[in-house]
Amino acid sequence: MSDTTKTAKVLAADGTPLKRSLNRALRLQKMRALMLIAPLLLFVLLTFIAPIADMLFRSVENEIVSTTLPGATQRLDTWDASLGEAPDEAVFEALYYDMFLAAEAKEHTKLGTRLNYEETGISSLFRSSGRKLDDIGEDRIDVLEDLSDVWKDAAFWFALMSGPEGAAKDNTLLRTQRQRLTNLTDDDFGGDIGFEPSAEISALLPRTAAEYTAFALFTAIEDRKAVAKQKPWEAVKVALTEDLRRADTISALAGYSGPGAAELKAAQTAAADMTPLNFRDSFVDIDKDWADVDNWQTIQTYSPRYTNGYFLNAVDMQKSPDGPEFRDEKERIYGLLFKRTLFMSLVITASCIVLAYPVAWILANLPMRTANLLMILVLLPFWTSLLVRTSAWKVMLQQQGVINDVLVWLGLVDDGARLIMINNQFGTIVAMTHILLPFMILPMYSVMQTIQPSYLRAAKSLGATNWTAFWRVYFPQSVPGIGAGSILVFILSIGYYITPEIVGGTTGTFISNRIAYHISSSLNWGLAAALGTILLAVVLLLYWAYDKIVGIDNVKLG
Amino acid sequence: MADKSNDDAFVEFERVQKSYDGEILVVKDLNLSVPRGEFLTMLGPSGSGKTTCLMMLAGFETATHGDIRLDGTSINNIPPHKRGIGMVFQNYALFPHMTIAENLSFPLEVRRIGKSDREAKVRRALEMVEMGEFGSRRPSQLSGGQQQRVALARALVFEPELVLMDEPLGALDKQLREKMQFEITDLAHNLGITTVYVTHDQTEALTMSDRVAVFDDGHIQQIDPPDKLYEEPDNSFVAQFIGENNTMLGIVKEIKNGTALVELDGGALIDAKPVNVSEVGARTRVSIRPERVEVDKSRLKPGAHTLKAEVLEFIYMGDIFRTRLRVAGNDEFIVKTRNAPDQRRMQPGEQIEIGWLPEDCRALDA
C-alpha cells in the first residue's frame, strides 16, 4: 500500500476524509437501489417470509391449553400421574371456573380438538362437559335464590360488586381478568365497561369478585350489553356460596356495611348449612372420563406454552411418562412417507438427468433456428395446465388406457392381465418426470451452450476417441448444468403435491400430501407445520451437503 | 504454383475441393505441397478458404473432392484422433476443468504412456515454453500469453511431426504477439517440425514463415518466401494484400526488353516491369511500393519517366516520414522516406517530381 494510507487519511478536495466523501456520494445510489427493490422486498417479507415463520412457529406453539385452562394447568403442576389417581379437588375447582368461562366464550371445544390429537376421546369429553357445567352447584343456587329474590336481580349484583359511591376500586383484579379473557379468546378486552369491582368486596369475596368481573367484561365487550342489566352467570353464584363458607369470610363479613350487607349475612347463614360441594365428584358425574388418569396426563403433558409433541408425532414418536418413545410399528407412517418422498424424488431426478442430457446436447449443438424451434417443444408443457398434463397421464396409463390398449392389441399383454401403471409409485414417477423435465433441460442447455466445440476438437486432435473426448472433456464441463438441474428438480419434486395426489394412489403419495391433509382435513396445523419444518430442514441439509460435495459455485443456470 | 510431384512433400493437397452446401465451392481445386520441416503460413482475408484447408488437414472437415496426403499416405478416411497432428486453436481450447499439467498429460494418457514417462514429458514440454512452475494452475489463472504457451506445449508434448496453428496469436496484444511470433518460429525450427500456420495478419505471415500461401476466393494466389511475395507479387490481389501499395490504372503502350511502357489514365507515361500482362493495349494496374518511390530526381537514371506530384499531407512517424501526394489524379499516393539527416521534409502544397526504377514498378492485371 502507498504511504499516504498509512500516515494520514486521504482527503478529498474540500478537506473531508475521502472515505466519507465516497460514502456520501454512494449513499444516494444505494438509497435509490433500495427504493427500487423495496416493493418486492416488502412483498416477499409479507407473503413469503412471514407466513413461513408463522407456520414454523405453529409447529412448537401450544398456548391453547394454558390459556384456556389457566387455573387448572397451574395447579396441575404438582400432580404426579404415576400415583394413578385423578388430581385433587383444587384442580377440579379451578377447572370448573376455567371451563365455565371457556364454555361461555365457546373456546373449550377448540381445546378439546387440540387435545384429541394426542388422546382420542378428549374432544367429546370437553364438548359434553361444556353443556352440563350448569348442573354443578345447581341446588346451591336454588337455595340462594329461594332465600331472597335479590340474588336474581342484575342491578342488585351490580351494586353489590361495585360497592358504595366513591368506594375504592380494585384495578388489579380488573386488569388480571382482562388479561385472562384476552389470552382465552385472542380478542381485545381493553376499554371502559361501566363496571369496576370495589376493593372492599374483592377482599371480602375474592372468587366471586373475580368471576363477576370476568362476566362483566365478557358481557360489556363480547355481548355489547349493559353489565347492570344482565344476570350474572351460575359460576358467579357458585363462587359466592363457596366464598361465604370460608372461615375468614365469615369473620370479615361482620364488619361489612356496604351495599347488600344484610342479604350477604342472610346468605352466609344459609350457606353454612349447605352440603360441601365436591367439584371432583360433580365432574365425574358429568363424565366418568374425568377420573381417567390418562386424560389428565395428556392435559399436564401439553400444558407448557411450547411443545415438541408435534415434532415427535412427525417422526412417529409420542410423549410418554418415560420421555419420548416410538409408536407401535403399525402406527408409524411419517418415517415411511419421508423415506418414500426422498427415494422417489431421487428416482425422478435421475430419470430426468438421463432423459434431459441428450435433448440438451442436441439443442446446444443444433443451428440456432432449429434449436429455437425444438426449444418451443420443450417449453410447450409449461403453457399447458399442470392439472391437464397430469390428467392426461391418467388417460394414458390407466388399465383401460391408451398404453394398455396398445399393448393388448399388439398381443404383448393379455387382456385379463393389463398392467397397473397408475395410482402407484410408477405412475407418480412417470408423470412427475415428464412434468419436471423442462427444469432439467433448461439449465443443462444453457451450460452446454457455453461449451465451445473447439474443446472437443482439441481433445480429438490430441488423440482422444469420440467417447474419451466426450467423457473426459465435454462431460466434466457440463456437470454444473446437471447440478443445477438436479437441485431444481429434486427440490421441486420433494415438495410436489398435485401430481402425486392425482396419480399417486396410496403407494405413490408424498409427504406433502399428508401435510395438505393435516392443513385442510384434520386441521392439525401444528403437525402439518412440524412435517413442513422437517421437510424444509431436509432440503436445507441436502443443499448444504451438495454445496460441500459439488460446490454451489459450480451450479450455473446460464 | 506449387509442384505436384514433389517427392519430399510431407503434406500434400491434390486437387482438393470443399463445399459446405453443395452450391458454392469454398476451396476450389487446391494443390499444395509442404516439405518436411517447413513453416508454411496460409494467409488470406476471411472467407478465403484458409481455415477450411486447415480443418480438412486436421480431419474436422472432409474434402468434397481430392486427396490429402500426409507423409505419402492418404488421410482422407483417417479420423482426427488417429492422425497424430498437433493443433493450436484460436482460443487455445485449454480444458478449463483440468490443471495445466493435466491438460498436457491428456494427449499422453490417451496414448497410454506410462506415468513416469508422462510426467517427464509434461515437465519437459512446460520448460520448453518457460512455464515450468505453472503446472498446478488452472487455465483461467493464467494470462493470455501464458495460455498461449501452454496451448503450444500441449500441441507439442506428444511429439507430432506436423503442427497446425489456427490464428493462435489473434487474442494477444501487439508486443506480446511479436514476442510469441519469434518464440513459435524458433521452437518450430529447433524441433524440426512441420508447421502449417493460418493467419490473416500479413506482418505475422511475413516475419514467421519459410513460405507464405496467399489465399483468396478458394485459390492459392501465390505461394512463395516472404521476400519474394512482397517484392514480386504475381498479381494485383497479392500486391494489394501484402504490405502497402500505390496503384494506378493504365494501358500498356509497348513491351520491349522486359520493360513495359504504360500510359496512365491521366495521360502520363511510365516504365514498369510486365508481370501478368502480355499484350499491347491491355488494361493494367501498375503497382509501386511507397518506399521505392524516389523524390530526389538526381538519383534516377537518365531518361527515366517522371510524374508530377503535389504534396497533400506530411506525416511524421518517427523512423519514417509518410507523405501523401496527388499523382495522376490519385489522391492516395503514399511515399515513405527514411528519417535521415539529409532527408527533406516536404511541405503541403509543394509541387515535386517523382520517379522510380522500372523494375520496382510492376504492371499487373487490372
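Me: At what angle do the axes of helix 23 and helix 25 of chain A cross?
Reply: Roughly 155°. This is a predicted model, by the way. Helix 23 covers residues 425-449 of chain A and helix 25 covers residues 466-494. Their axes come within 8 Å.

Me: Parallel or antiparallel, then?
Reply: Roughly antiparallel, because the cut-off for that class is over 145 degrees.

Me: Is the crossing left-handed or right-handed?
Reply: Helix 23 of chain A passes helix 25 of chain A in a right-handed crossing.

Me: Which residues of helix 23 of chain A meet helix 25 of chain A?
Reply: From helix 23 of chain A: M432(A), L436(A), F439(A), M440(A), P443(A), M444(A), V447(A) and M448(A). Facing them in helix 25 of chain A are S478(A), P480(A), G481(A), I482(A), A484(A), G485(A), L488(A), V489(A), L492(A) and S493(A).

Me: Next pair. How do helix 2 and helix 28 of chain A cross?
Reply: At roughly 110°, with the axes coming within 7 Å. Helix 2 is residues 18-58 of chain A, and helix 28 is residues 525-549. The two helices of chain A are therefore roughly perpendicular to each other. Helix 2 of chain A passes helix 28 of chain A in a left-handed crossing.

Me: What makes the contact between helix 2 and helix 28 of chain A?
Reply: M55(A), L56(A) and R58(A) come from helix 2 of chain A. Helix 28 of chain A brings W525(A), G526(A), A529(A), G532(A) and T533(A). By class, the contact of helix 2 with helix 28 of chain A has four nonpolar residues, three polar and one charged.

Me: Zooming out. How many helices and strands does chain A have?
Reply: 28 helices and two strands.

Me: What is the radius of gyration of chain A?
Reply: 36 Å. A compact globule of 558 residues would be near 24 Å. The C-alpha trace of chain A spans about 115 × 95 × 45 Å along its principal axes.

Me: What share of chain A is buried?
Reply: 35% of its 558 residues. On contacts, take those in chain A with a separation of 6 or more: 73% of them join residues 24 or more positions apart.

Me: Pick a residue. Where is K132(A)?
Reply: In helix 7 of chain A, residues 122-132. K132(A) has 14 other C-beta atoms within 10 Å, so K132(A) is partly exposed.

Me: How far apart are K132(A) and L336(A)?
Reply: 43 Å in space, C-alpha to C-alpha, and 204 residues in sequence.

Me: Now the interface. How many residues of chain B are in contact with chain A?
Reply: 18 residues of chain B, against 15 residues of chain A. Strand 6 (85-88) and helix 2 (100-110) of chain B each supply at least two residues to that side of chain B.

Me: Which element of chain B gives the most to the side that touches chain A?
Reply: Helix 2 of chain B, with three residues. By class, the side of chain B that touches chain A has 13 nonpolar, three polar and two charged residues.

Me: Backbone check on chain B. What is phi of D29(B)?
Reply: Near 50°, a positive value in a residue other than glycine. Most residues other than glycine have a negative phi. D29(B) lies in strand 2 of chain B, residues 25-35. With 15 other C-beta atoms within 10 Å, D29(B) is partly exposed.

Me: And what about phi of N257(B)?
Reply: Positive too, near 55°. N257(B) lies in the loop between strand 11 (246-256) and strand 12 (259-264) of chain B.

Me: Is N257(B) buried or exposed?
Reply: Exposed, because N257(B) has 6 C-beta neighbours inside 10 Å.

Me: Last one. Where is E61(B)?
Reply: In the loop between helix 1 (50-58) and strand 4 (65-70) of chain B. E61(B) counts as partly exposed, with 18 C-beta neighbours inside 10 Å.

Me: Which residues is E61(B) in contact with, leaving aside neighbours within four places in sequence?
Reply: K18(B), T52(B), M55(B) and M56(B). T323(B), by contrast, is 47 Å from E61(B), C-alpha to C-alpha, and 262 residues apart from E61(B) in sequence.

Note on methods: Residues numbered from 1 in each chain as written. Chains lettered and ligands numbered in written order. Predicted model: local features only at pLDDT ≥ 70, side-chain atom pairs only at ≥ 80, totals over all residues. Axes fitted to C-alpha atoms, helices over the stretch in contact; angles between N-to-C directions. Helix = DSSP H or I, 4+ residues; strand = E, 2+ residues; numbered from the N terminus. Parallel < 35°, antiparallel > 145°, perpendicular 65-115°, else oblique. Left-handed = near helix turned anticlockwise from the far one by under 90°. Contact = placed C-beta atoms within 7 Å. Nonpolar A, V, L, I, M, F, W, Y, C, P; charged D, E, K, R; others polar. Buried ≥ 20, exposed ≤ 12 C-beta atoms within 10 Å, placed from the backbone. Rg over C-alpha atoms; globule rule 2.2 N^0.38 Å.
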